[in-house]
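Okay, thanks for coming, everyone. Let me put the structure up, and then we'll walk through the sheet and the core.

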Amino acid sequence: MNIDSIERGVVIDHIDAGKGMELVRLLHLDKLTCPVAVIRNARSSKTGKKDIIKIEDEIDLDFDVLGFIDPSITVNIIVNGHIVEKKRIAPPHRVVNVVQCKNPRCITSVERELPQIFRRADESSVYRCAYCEQEYQQPE
């Protein structure tokens, strides 16, 4: 498959295969009025398969969401058809209102207006609810 390049915008690359649509939902890219292309299961020399998202406009991205979903993502800023900046993403120390706590005894199950806060445990990739310490399990 051949996908054209963009003149100006953002390319989110090296997304784990299958996670592209989750990023579209979490970043609200479906609400944009500019062209957005989601390429699923593209060939990758490093991982075999990957997803790519191309956005034909300059937008602000939530890097915490990107790092939470997949810290191996790179974000390329495109101007005049060329990459002018390549950003590597790091896992955030905390995310707010990205995922919900699954613990039925958590205060967030009763007090719906409370923000859903998850903090990274030490330097691992494990995130825990800030209220009840319930570990977040990434869906496979």
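**The sheet and the core**

So, what we have here is an open sheet of five strands in the order E2-E3-E1-E4-E5, with antiparallel pairing. Strands here are DSSP runs of at least two residues, helices are H or I runs of at least four, and both are numbered from the N terminus. Two strands pair if DSSP finds at least two bridges between them.

Quick caveats: this is a predicted model, where local features need pLDDT of at least 70 and side-chain atom pairs count only at pLDDT 80 or more, while totals for chains, interfaces and linings use all residues. Residues are numbered from 1 along each chain as its sequence is written, and side-chain values use heavy atoms, leaving out hydrogens and water.

On one edge is E2, on the other E5 (82–88). E2 (residues 36–44) runs antiparallel to E3 and is joined to it by seven bridges. The two form a hairpin with three residues between them, and alanine 37 has lysine 54 of E3 as its bridge partner. Over at E4 and E5 there are six bridges, again antiparallel, with valine 75 opposite lysine 87 in E5.

Now the core. By nonpolar core I mean buried Ala, Val, Leu, Ile, Met, Phe, Trp, Tyr and Cys residues joined through side-chain atoms within 4.5 Å, with buried being under 20% relative accessible area (1.4 Å probe, protein chains only). The largest one has 29 residues, and Ile12, Leu23 and Leu66 have the most contacts inside it. H2 gives the most, with four residues.

How values were computed: Buried < 20%, exposed > 50% of the residue type's maximum accessible area, 1.4 Å probe, protein only.
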